[in-house]
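Have it open while you read.

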Amino acid sequence: MSKVIGIDLGTTFSCVAYLEGNRPKVIPNLEGQATTPSVVSFTSAGERLVGNLALRQAITNPDKTVVAVKRLIGRKFNSPEVAEARQKLPYQLVEAPNGDVRVVVDSAEISPQEISGMILSYLKMCAESFLGESIQAAVITVPAHFNDHQRQATKDAAKIAGLEVLRVINEPTAASLAYGLEAKKNAKVAVFDLGGGTFDITILEIQDTVFQVLATNGNSYLGGEDFDNRIVAWLVEDFKKEHKIDLFQDKLALQRIKEAAERAKRELSFTYESEINLPFICSTSAGSRHINKRLTRKMLEELTGDLVQKTIPLIEQALADSRLEPEDIQEIILVGGQTRMPLVRKKITDFFRTKPREDINPDEIVAMGAAIQSAILKNKRAELVVLLDVTSHSLGIETENDTYQQIIERNTTIPTKKTMPFTTVEGNQIRVTIHVLQGENRQASRNKSLARFDLIGIQPAPAGVPQIDVTFEIDADGILKVSARDVMTGLNQEIRIHPSSGLTAGELEAIIKKHRSQPQSF
Ligand code: AMP
């Protein structure tokens, strides 16, 4: 039986691991590194590059280098998140006929699932080359706050890469699994995950082999890139003041500035001062212009302190949802590269009055946890570990007068199933529309719309008489199925929350075929 792997498909970097004996081990990429940039690039010669090769030529080929596609996967083009991404990302995005996002490369429109599929194909290939055997199945991690569309889309990406997804698990849960198996102790744990693009806080209780998530919260638009952007803005503004030139308009210069800003930020986690030198950043009739600036750790903290502060109310909410106080937390696990920033560590230590663990590699722990889970699922050894995850959003339906009726509350342990009875508002109504929503607002229109479907053929009766049972079911991957049933007639209608978004089965099949017939060039 072939080996299975765990994949942390990150916004900026991805990591793969497998279980050797009882210990999770990271699988290096073809260049021997533990993490691989989640970047795909298309060269003018028609070649497709993934990982380091793609990242290396991002400066000279910014509009055909797809970075941070995880920010787009499973999202609608007209969502606020995509609107923000469009301002930041150097490549072009368009709206798909179903409202999803497509990345434009030359004249081709490519789905984020396909781009993620290319990254996963590369990671699969690295694992096959390292382990010397073909890999068919994996556990893939996603941020805890990922909604149904984003989870479905991630699964589709894996299918494109030729991987069977054994389970989609939440990144913080995976981290706690890797930590818990190593530490083998009972504890209340906070997993603070600040990666390249997203922030998650998860509170768990580990008791022997049971890993129970108590609550989770997060911000899908808070991550390391926001820190980089603050440095970029500071450099560009300063340059504008001095030279009256707006480098935001110069794609090539901007890409160089971004890279230099990120490098300086990383350096300042270990030093107090960093030089940012960018010779020949642009040229004018009066000659070439250069950037030569000094950034100190203190200045960086002033530029980004509010971003770190933004995590605090989210931690407070997750603790309140768990009915715990900061002092109740015994272990703090840091995940994501941005947690290396000393200010982040200080804020967390001050808040919990406990130091986070120093002996855990924040870039690798999620993939390691995924590897453990993949081995458990493959060997059907569910008794080894029981993972009790939760749903990160409340889910429900729209009722009369723009009211939102929650059916499954956020932080409910999954898998879960709940049925609630509803009725008609008009006499002889033969149809009801079930509008499935996600969110916490009592006003229906202020929540996120996931799908709509009709139950047609209800037995005519006076208003308020028919009983329509609406059932929400969330599986272990966090994927939702909704059904509605007219109790009187037994008429039933059900959907997997898919049709309003994502690739259709036909589209997915066509992409898979295309990938099989065109082997990737890495
Ligand atoms: P991840 O998505 O977990 O791979 O996190 C990547 C993010 O961590 C990027 O924004 C990196 O710039 C950031 N990062 C990596 N190393 C460091 C470091 N030493 N100090 C601060 N941020 C870092």
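1. Where is Pro-415 found? Pro-415 sits in the loop between β22 (413–414) and β23 (416–422); strands here are DSSP runs of E, at least two residues long, and helices are runs of H or I, at least four long, both numbered from the N terminus. The peptide bond leading from Ile-414 into Pro-415 is cis, with omega near 0°.

2. Before going on, a word on the model. It is predicted, so local features need pLDDT of at least 70 and side-chain atom pairs count only at pLDDT 80 or more, while totals for chains, interfaces and linings use all residues. Residues are numbered from 1 along each chain as its sequence is written, and side-chain values use heavy atoms, with hydrogens and water left out.

3. Asp-208 is not a glycine, yet has a positive phi of about 55°. You'll find Asp-208 in the loop between β14 (199–207) and β15 (210–219). For background, most residues other than glycine have a negative phi, and most peptide bonds are trans.

4. Now the ligand. 15 residues surround the ligand, each with a heavy atom within 4 Å of it. The closest are Gly-196, Glu-262, Lys-265, Ser-269 and Gln-338. By class, the shell has two nonpolar, eight polar and five charged residues (Asp, Glu, Lys and Arg count as charged; Ala, Val, Leu, Ile, Met, Phe, Trp, Tyr, Cys and Pro as nonpolar; the others, Gly among them, as polar).

5. Which helix gives the most to this shell? That's α7, with three residues. α6 (224–243) and α7 (251–267) each supply at least two. Domain 1 (4–222 + 312–389) and domain 2 (224–304) each contribute at least three residues to the shell, with the bounds coming from an automatic or database domain assignment.

6. On to individual atoms. In the side chain of Ser-269, an N or O atom is 2.6 Å from a nitrogen atom of the ligand. Backbone N or O atoms also come up: one of Gln-338 lies 3.0 Å from a ligand oxygen atom, and one of Gly-337 lies 3.2 Å from a ligand oxygen atom. The protein covers 92% of the 500 Å² of accessible area (Shrake-Rupley method, 1.4 Å probe) that the ligand has on its own.

Methods
Polar contact = N/O pair within 3.5 Å; in protein donor to acceptor, adjacent residues only side chain to side chain.
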